[in-house]
Amino acid sequence: MLRQMNKKYMVLLLALTAFVADVSAGTEVEADTVSWKKEEPVQKRKRIDPEEFHKKLEAFITREARLTEAEARAFFPMFYELRKQQRVYHTKIAQASRRVRRENLSEKECEKTLTSIRKWKKQAMELELSYYDKWRKVLPASKIVKVLEADRFFGRKMFNNMVHPRKGKTGPAPSKGR
């Protein structure tokens with residue numbers, strides 16, 4: 001049961017990482033691609049400036065995980081290195097998924113695509129797990145857990161803000177009680 005929960009958590013973490021990696025790469029997200037409401041047309045959202053996104057993400061994670069300046073300086077280059085390497089896998093997965101959606105593939109071709117997607121997801125997860133060991137050299141485990149939680153929270157809030165923007169505000173609202 002615990003192993004199954006860990007797998008579910010890792011899949012959720014991988015999916016969120018893929019979303020945040022796409023956003024940090026400057027990928028445009030249109031609200032009509034994620035909204036199920038068909039009542040009104042949705043305007044295209046502005047592109048997110050990757051540099052601004054990284055600054056907000058770093059500030060948020062630093063604050064939420066209570067990283068010192070030295071810890072942040074040592075941690076974030078590794079964090080973005082992981083994201084860059086994971087982006088390769090996430091791009092392959094997205095391209096394969098789009099191909100299945102757009103083309104009329106046979107069951108055999110879909111099975112082959114699914115096998116590739118599973119392989120890429122596993123490689124991305126193994127890569128992430130290897131970075132946990134690297135991060136342990138510069139951060140205590142308690143702060144790594146807080147970093148992961150803050151990263152997940154930030155991504156979720158950014159997504160919600162893109163779908164339901166707050167007037168005049170950007171980035172996630174400060175967390176309460178953390």
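A helix axis is here a line fitted to C-alpha atoms over the stretch in contact, and the angle between two axes runs from 0 to 180 degrees between their N-to-C directions. Note at the outset that the model is predicted.

**The whole chain.** Of its 178 residues, 35% are buried. Among contacts with a separation of 6 or more, 72% join residues 24 or more positions apart.

**Confidence.** Next, colour the chain by pLDDT, which averages 79, with 67% of the residues scoring at least 70. Select helix 4 (residues 107–136), where confidence is highest, at a mean of 95. Then select helix 1 (residues 2–24), where confidence is lowest, at a mean of 52. Continue to residues 23–41: the pLDDT there is below 50, and this stretch has 25 contacts in the model beyond near neighbours in sequence. Where pLDDT is low, the predicted coordinates should not be read in detail.

**A pair of helices.** Now select helix 2 (residues 50–65) together with helix 3 (residues 69–102). Their axes come within 12 Å and cross at roughly 125°. Helix 2 and helix 3 are therefore oblique to each other, and their crossing is right-handed.

**The contact itself.** Which residues in helix 2 meet helix 3? Show the side chains of His-54, Leu-57, Glu-58, Ile-61 and Thr-62 in helix 2; their partners in helix 3 are Ala-72, Phe-76, Phe-79, Tyr-80 and Arg-83.

Methods
Residues are numbered from 1 along each chain as its sequence is written. This is a predicted model: local features need pLDDT of at least 70, side-chain atom pairs count only at pLDDT 80 or more; totals for chains, interfaces and linings use all residues. Side-chain values use heavy atoms; hydrogens and water are left out. pLDDT is the predictor's confidence in each residue, from 0 to 100. Helices (H or I, at least four residues) and strands (E, at least two) are DSSP runs, numbered from the N terminus. Contact means heavy atoms within 4.5 Å. Angles under 35 degrees count as roughly parallel, over 145 as roughly antiparallel, 65 to 115 as roughly perpendicular and the rest as oblique. A crossing is left-handed if the near helix is turned anticlockwise from the far one by less than a right angle, and right-handed if clockwise. Buried means under 20% relative accessible area, exposed over 50%, partly exposed in between (1.4 Å probe, protein chains only).
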